[in-house]
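I opened a new page for this structure.

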Amino acid sequence: MFKRLVFLGPPGVGKGTQARRLAADFSLAHISTGDILREVIKQNTPLAQRVRSYMESGTLVPDEVVLELLLERMSQPDVKEGYILDGYPRNIKQAYDLEKAGVAVEGVVYFYADEETLIKRISGRRTCRLCSRVYNIYYDPPTVDGRCECGGELFQRSDDTEDVVRARLREYRQKTSPLVQHYKERGVLCEVDASGTPDEVYEKLLRAIEAT
Ligand code: AMP
């Protein structure tokens with residue numbers, strides 16, 4: 001099985017949930033540029049303010065900012081055993097930046113689902129403030145309302161509101177979706193139908209990457 005993977009797909013498709021599980025099962029580093037950027041905006045720096053304005057409007061953060069943060073993360077020792085890039089690259093330029101930086105991509109998993117499913121998954125998503133576990137109030141609700149199993153408080157991401165979600169889907173269609181063809185032409189793409197429960201999708205994911 002390949003151990004240097006890119007997860008590609010629209011917002012809300014469940015890439016993050018699948019990436020976390022695969023990374024834990026196969027000791028891979030889960031590198032989510034969205035998570036890295038959310039850490040950046042917690043700080044009180046000029047960079048944080050700049051990044052926040054893009055994220056809150058649902059548009060992509062400038063390529064050079066994300067690349068620098070990504071390469072810093074990729075220089076850490078846990079990445080040697082393999083990795084899942086979740087949310088990077090997000091446009092063709094970033095795919096070339098990755099190539100230029102010498103980051104190997106053995107397989108690209110493209111997750112797809114219809115737009116209605118995406119919107120319901122995004123609007124139902126709740127994240128734990130303490131352990132970052134992700135729930136969905138429709139499909140995978142917590143036992144106690146608003147509380148994670150670990151006791152942490154659940155919150156809704158500020159970019160998961162309807163207007164911002166629409167902008168994120170637009171960005172995806174215009175800038176990210178051309179990557180499907182890009183990686184297809186390179187012969188590294190496999191496709192996973194992301195409808196169904198997280199367990200069902202995980203089974204499909206395992207079958208897809210074992211076949212590569
Ligand atoms: P995500 O958690 O992957 O849904 O990303 C949340 C937001 O972070 C996106 O809407 C973008 O504003 C920003 N972001 C994440 N990854 C990237 C990337 N590779 N390039 C540019 N912006 C990104």
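I began with Thr 33, where an N or O atom of the side chain is 2.8 Å from a nitrogen atom of the ligand. I count a polar contact as a pair of N or O atoms within 3.5 Å; within protein, one must be able to donate a hydrogen and the other to accept it, and residues adjacent in sequence count only if both atoms are side-chain atoms. At Gln 94, a side-chain N or O atom is 2.9 Å from a ligand nitrogen. At Gly 87 a backbone N or O atom lies 2.9 Å from a nitrogen of the ligand. I then looked up cover: the protein hides 95% of the 480 Å² of accessible area that the ligand has on its own (Shrake-Rupley method, 1.4 Å probe).

I noted the ground rules. This is a predicted model: local features need pLDDT of at least 70, side-chain atom pairs count only at pLDDT 80 or more, and totals for chains, interfaces and linings use all residues. Residues are numbered from 1 along each chain as its sequence is written, and side-chain values use heavy atoms, without hydrogens and water.

Next I looked up the shell. It has 16 residues around the ligand, and Thr 33, Arg 38, Thr 59, Gly 87 and Gln 94 come nearest (near means a heavy atom within 4 Å). Helix H2 (residues 33–40) gives the most, with 4 residues (helices are DSSP runs of H or I, at least four residues; strands are E, at least two; both are numbered from the N terminus). By class, I found 6 nonpolar, 5 polar and 5 charged residues in the shell.

Then I turned to His 30, which is in strand S2 (residues 29–32). Which side chain does the side chain of His 30 meet in a polar contact? The partner is Asp 86, at 2.9 Å. Beyond its neighbours within four places in sequence, His 30 is in contact with residues including Gly 16, Ala 19 and Asp 35 (heavy atoms within 4.5 Å).

I checked the backbone last. Most residues other than glycine have a negative phi, and most peptide bonds are trans. Ser 27 has a positive phi, near 50°. I placed Ser 27 in the loop between helix H1 (15–26) and S2. The peptide bond from Tyr 88 to Pro 89 is cis, with omega near 0°. Pro 89 sits in the loop between strand S3 (83–86) and helix H5 (92–100).

How values were computed: Nonpolar A, V, L, I, M, F, W, Y, C, P; charged D, E, K, R; others polar.
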